[in-house]
Amino acid sequence: PLGELAYTWSAASDAGVFGTEMLYLNIHPLQRLVPRTLLLREYERVLCGVTADVGVDVNAACAHDHVHGLLTFVPGLGPRKANNLRQSAERIGGVVSNRKAVLAKRMLGPVVYNNAVAFLRVRATDQLEDQRLHPLDDSRCHPDVYQRNRWAVKIAVDALELGDSVAQDDENAITAIRDIMDDSQLEVKRLYDATKSEWERAYGSGTFNTAEWDPKLLPPESWRDKIEELDIEAFADMIEQNGSGKWLTQLTMTKWELRMPYEDPRKPMEPPQGARLFKLLTGETDASLCPGKHVTGKVIKNNDFGSQIKLEGDVPGFIPLRNLADDHVESADDIVQVGTVVNAIITQVKMDHMCVDLSLKREDFKKKSSEWERPASLAPLDPYFDRAAALAIDAEKDKERDERLESLRLKVGGTRIEGDDDAAEG
């Protein structure tokens with residue numbers, strides 16, 4: 001979905017404004033009250049934040065149009081620099097073998113490179129299958145940590161107790177980093193299995209929620225990987241005393257990147273169902289479709305149980321036989337025919353069944369708005385809500401309805417059916 005949203009943003013309007021297509025997404029029932037420029041600015045900030053969280057495969061983004069839009073939201077880039085990066089990648093053969101090449105081949109300037117490179121991921125592709133990729137080029141670690149200063153290399157070498165001479169050779173350094181990453185990732189799996197087993201012994205099989213498990217919340221004494229044996233804080237103090245600045249935050253992040261490189265902070269996507277699926281397919285929410293709301297639709301089919309209605313927006317509705325009129329109804333065809341346009345009132349929204357139950361009964365139309373059940377998802381009424389004014393509005397509607405009723409009484413088989421244009425038109 002992130003790639004699709006970024007691609008949607010890249011479609012400019014006739015006025016040259018990016019992101020206008022996203023204004024058609026129903027994110028919140030009150031979003032139309034927010035100025036468009038402010039809404040687009042917040043969309044842009046969210047896309048930048050999420051892109052920074054998960055990173056962008058630079059080779060995939062430069063090779064495929066449908067994910068190229070992600071480069072726009074890499075911190076430090078933007079539309080113009082993202083497009084220039086893609087053109088530069090095509091100029092050098094269409095593939096970036098490592099982060100260092102982005103600067104060495106002048107795909108980005110030094111300042112832009114320094115700001116953006118930690119969010120550009122170099123991952124294995126068919127074109128790179130013969131090359132040995134640096135494992136930290138696919139992590140959140142900035143190259144300053146493992147290339148310029150080589151502190152990540154020292155962490156890996158010290159954890160494996162290999163000696164400083166190993167750190168001087170690039171091939172040996174990469175091997176050491178891979179080995180320590182393999183060791184730490186096996187430890188992550190061990191802790192996951194142990195936590196899951198302990199949870200299910202206490203609460204039953206299948207009750208463990210993987211999405212809620214966060215290894216960063218485990219106590220330090222739970223970890224048995226080699227990297228946990230190092231004193232990262234002491235190493236950071238030593239660097240600071242040597243006059244190289246404060247690097248504790250970067251070194252701590254490096255430690256976790258060695259364990260879980262570019263771990264996606266987002267929870268696993270679950271298939272939409274129930275109320276969420278209804279909202280995605282119809283664009284309707286509890287605020288736009290709720291019991292007591294008047295709606296207009298067309299009768300598309302009558303059967304032995306009632307009438308099927310297509311509401312505005314193609315939302316399916318149904319009027320049970322008992323709700324077609326106040327009196328007893330033998331057949332739906334006696335009240336409405338296929339093609340009839342009706343004004344009905346919602347009695348129930350069945351999101352799990354993708355359907356809205358409706359009524360043409362006069363007694364339902366006469367109910368006050370406060371008598372209908374308010375959806376739990378809506379915020380409670382403000383304590384200063386003017387209830388007297390709301391009742392006055394309901395009374396005015398009742399008066400108008402009664403006046404129309406006098407001119408629209410229907411007769412079915414000699415029996416007077418009290419309906420009005422709020423109940424049926426056609």
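A: Two strands count as paired if DSSP finds at least two bridges between them. Keep in mind that this is a predicted model.

Start with strand S3, residues 294–303, and strand S4, residues 306–311. They pair in the antiparallel sense, over 6 bridges. Look for Lys301: Gln308 in S4 stands opposite this residue. Between S3 and S4 there are 2 residues, and the two strands form a hairpin.

S4 has another partner. Strand S5, residues 316–320, pairs with S4 over 5 bridges, in the antiparallel sense. Here Lys310 has Pro316 of S5 as its bridge partner. S4 and S5 also form a hairpin, with 4 residues between the strands. In that hairpin, Gly313 takes a positive phi near 85 degrees.

Now step back along the chain to helix H12. Its residues Ile232, Phe235, Ala236 and Ile239 are buried. Viewed down the axis of H12, the buried residues fall within an arc of 100 degrees, so they line one face of the helix. Glu233 and Gln241 lie on the other side of H12, and they are exposed. What lies over the buried residues? The cover includes helix H9 (151–160) and H13.

Next come the rings. The structure holds 7 aromatic pairs. An α-helix has 3.6 residues a turn, so residues three or four places apart point the same way. Trp199 is partly exposed, at 37% relative accessible area. Tyr203 reaches 55%, so this residue counts as exposed, the cut-off being over 50%.

Trp223 and Trp256 form another pair. Their ring centres are 5.4 Å apart and their planes stand at 80 degrees, so the pair is edge-to-face. This pair links distant parts of the chain. Trp223 is in the loop between H11 and helix H12 (232–241), while Trp256 is in helix H13 (residues 248–259), and 33 residues separate the two. Both Trp223 and Trp256 are buried. Arg259 is placed by both rings. It lies over the face of Trp223, 3.8 Å from the ring centre. Its charged end also sits over the ring of Trp256, at 4.7 Å from the centre.

In soluble globular proteins, nonpolar side chains tend to be buried together. The largest core here has 36 residues, and Leu71, Leu77, Leu85 and Leu108 have the most contacts inside it. At least two residues come from each of helix H1 (2–9), helix H2 (36–54), helix H3 (58–63), helix H5 (79–91) and helix H7 (110–116). H2 gives the most, with 5 residues. Take Leu71 and set aside its neighbours within four places in sequence: its contacts then include Val56, Ala61, Leu77, Leu85 and Leu120. A second core stands separate, with 25 residues, among them Trp151, Ala173, Ile232 and Ile239. Ile232 and Ile239 bring us back to H12, where both are buried.

Methods. Residues numbered from 1 in each chain as written. Predicted model: local features only at pLDDT ≥ 70, side-chain atom pairs only at ≥ 80, totals over all residues. Heavy atoms only, no water. Core = buried A, V, L, I, M, F, W, Y, C linked by side-chain atoms within 4.5 Å. Buried < 20%, exposed > 50% of the residue type's maximum accessible area, 1.4 Å probe, protein only. Contact = heavy atoms within 4.5 Å. Phe/Tyr/Trp six-rings, centres within 6.5 Å; stacked < 30°, edge-to-face > 60°. Lys NZ or Arg CZ within 6 Å of the ring centre and 35° of its normal. Arc of directions from axis to C-beta.
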